[in-house]
Amino acid sequence: MRYFDDFEVGEEWPIDADYEMTEEEIVSFAAKWDPQPFHINKEAAAQSVYGTLTACGTHIQAVVLWLASRLPHETAVIGALGYDEVRFHQAAKLGDRLRLTIECFEKRPSGSKPDRGIVKNRHILRNQAGETVFTQTTTLLIKRQG
C-alpha cells in the first residue's frame, strides 16, 4: 500500500499495459454518450478531418482511469478532489494503442486533518508512436501511514 508519505515529487510511473481502440468499443461507447458521426459511422469518419473513427473525450478519460488502475501498487486514496487542465492534444483513432504515464508533481499535507495529504499527478496518454493524445492533472486526497 502506498500512502501520502511514500510519494515523491518528480516520480514517474509508466503503466505496464496498453489499451487498443477497437471499432466495436469506439462506436458502442459514443453511440450512448457522444453520437457524433466521426465517432459512430465509419464512412462518415473516413470523410472527416480525422480520416477514421475516433474515440470521444469521455471514452479517453475512461481509458485513462482503466490504465491507472493497473499501477503495480495500491494507493490509500480517500477520494479524487478534481481533474484539471484536461487537454485533448490529438484524436485517439481506430487501432491506436494507448499507454499512460503518471507523474507526481506536487504534494502537501492537509492543513486541517493530519491523517491525510493532497497529491497532484499529471496523466499523460500517448499513442503507439509516442505522440501525446491527452493530458490532465488529477488531485487526490491520500491517507498518511500510521
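Predicted model: local features only at pLDDT ≥ 70, side-chain atom pairs only at ≥ 80, totals over all residues.
Reader: How many helices and strands does the protein have, and in what pattern do they follow along the sequence?
Author: The secondary structure comes to four helices and six strands. Read along the sequence, the pattern is β-β-α-α-α-α-β-β-β-β.

Reader: What box do the C-alpha atoms fill, and what percentage of the residues count as buried?
Author: Taken along the principal axes, the C-alpha atoms fill a box of roughly 55 × 25 × 20 Å. The protein has 146 residues, and the share that counts as buried is 38%.

Reader: How does the reach of helix α4 stand against the expected span?
Author: Helix α4 covers residues 57–68, which is twelve residues. At 1.5 Å a residue, 16 Å is expected. From the first C-alpha to the last, α4 reaches a close value, 17 Å.

Reader: Which residues of α4 are buried, and what covers them?
Author: An α-helix has 3.6 residues a turn, so residues three or four places apart point the same way. In α4 the buried residues are H59, I60, V63, V64, L67 and A68. Their cover includes β2 (19–20), α1 (23–33), β3 (77–88), β4, β5 (116–126) and β6 (132–143).

Reader: Is C56 buried or exposed, and what of C104?
Author: Buried means under 20% relative accessible area. C56 has 2% relative accessibility and therefore counts as buried. C104, also at 2%, is therefore buried.

Reader: How many disulfides are there?
Author: A disulfide is counted where two cysteine sulfur atoms lie within 2.5 Å. By this rule the count comes to zero.

Reader: What is the volume of the largest pocket, and which element gives the most to its lining?
Author: The largest pocket has a volume of about 340 Å³. The elements giving two or more residues to its lining are α4, β3, β5 and β6. The one that gives the most, with three residues, is β3.

Reader: Which residues lie nearest the centre of the largest pocket, and how do its lining residues divide?
Author: The lining of the largest pocket has 17 residues, and those nearest the centre are A68, L71, T75, V77 and L140. By type, the lining divides into ten nonpolar, six polar and one charged.

Reader: Where is L140 found, is it buried or exposed, and which residues does it contact?
Author: L140 is found in strand β6. Its relative accessibility is 15%, so L140 counts as buried. Leaving aside neighbours within four places in sequence, the contacts of L140 are V77, G79, A80, L81, G117, I118, V119 and N121.

Reader: What is the volume of the second largest pocket, and which residues lie nearest its centre?
Author: The second largest pocket has a volume of about 150 Å³. The elements that give two or more residues to its lining are α2 (37–40) and α4. Its lining divides into eight nonpolar, five polar and no charged residues. Of the 13 lining residues, those nearest the centre are H39, Y50, A55, F88 and A91.

Reader: Is E103 buried or exposed, and which residues does it touch?
Author: E103 has its place in strand β4, residues 97–109. With a relative accessible area of 17%, E103 is therefore buried. Not counting residues up to four places away in sequence, E103 touches E11, E12, W13, K120, N121, R122 and I124.

Reader: What is the relative accessible area of R99, and what separates its C-alpha atom from that of N127?
Author: R99 lies in strand β4. R99 is partly exposed, with a relative accessible area of 37%. Residues touched by R99 include I15, D16, L67 and I124. R99 and N127 are 28 residues apart along the chain, and their C-alpha atoms are separated by 6.4 Å.

Reader: What is the phi of E85?
Author: E85 has its place in strand β3. Most residues other than glycine have a negative phi. E85 is not a glycine, yet its phi is positive, at about 50°.

Terms used: Residues numbered from 1 in each chain as written. Heavy atoms only, no water. Buried < 20%, exposed > 50% of the residue type's maximum accessible area, 1.4 Å probe, protein only. Contact = heavy atoms within 4.5 Å. Expected span 1.5 Å × (residues − 1). 1 Å grid on protein atoms, 1.4 Å probe; cavity = no way out; pocket = protein on both sides within 12 Å on 5 of 7 lines; lining within 4 Å. Points joined across faces, edges and corners; volume = space filled by probe spheres on them. Nonpolar A, V, L, I, M, F, W, Y, C, P; charged D, E, K, R; others polar.
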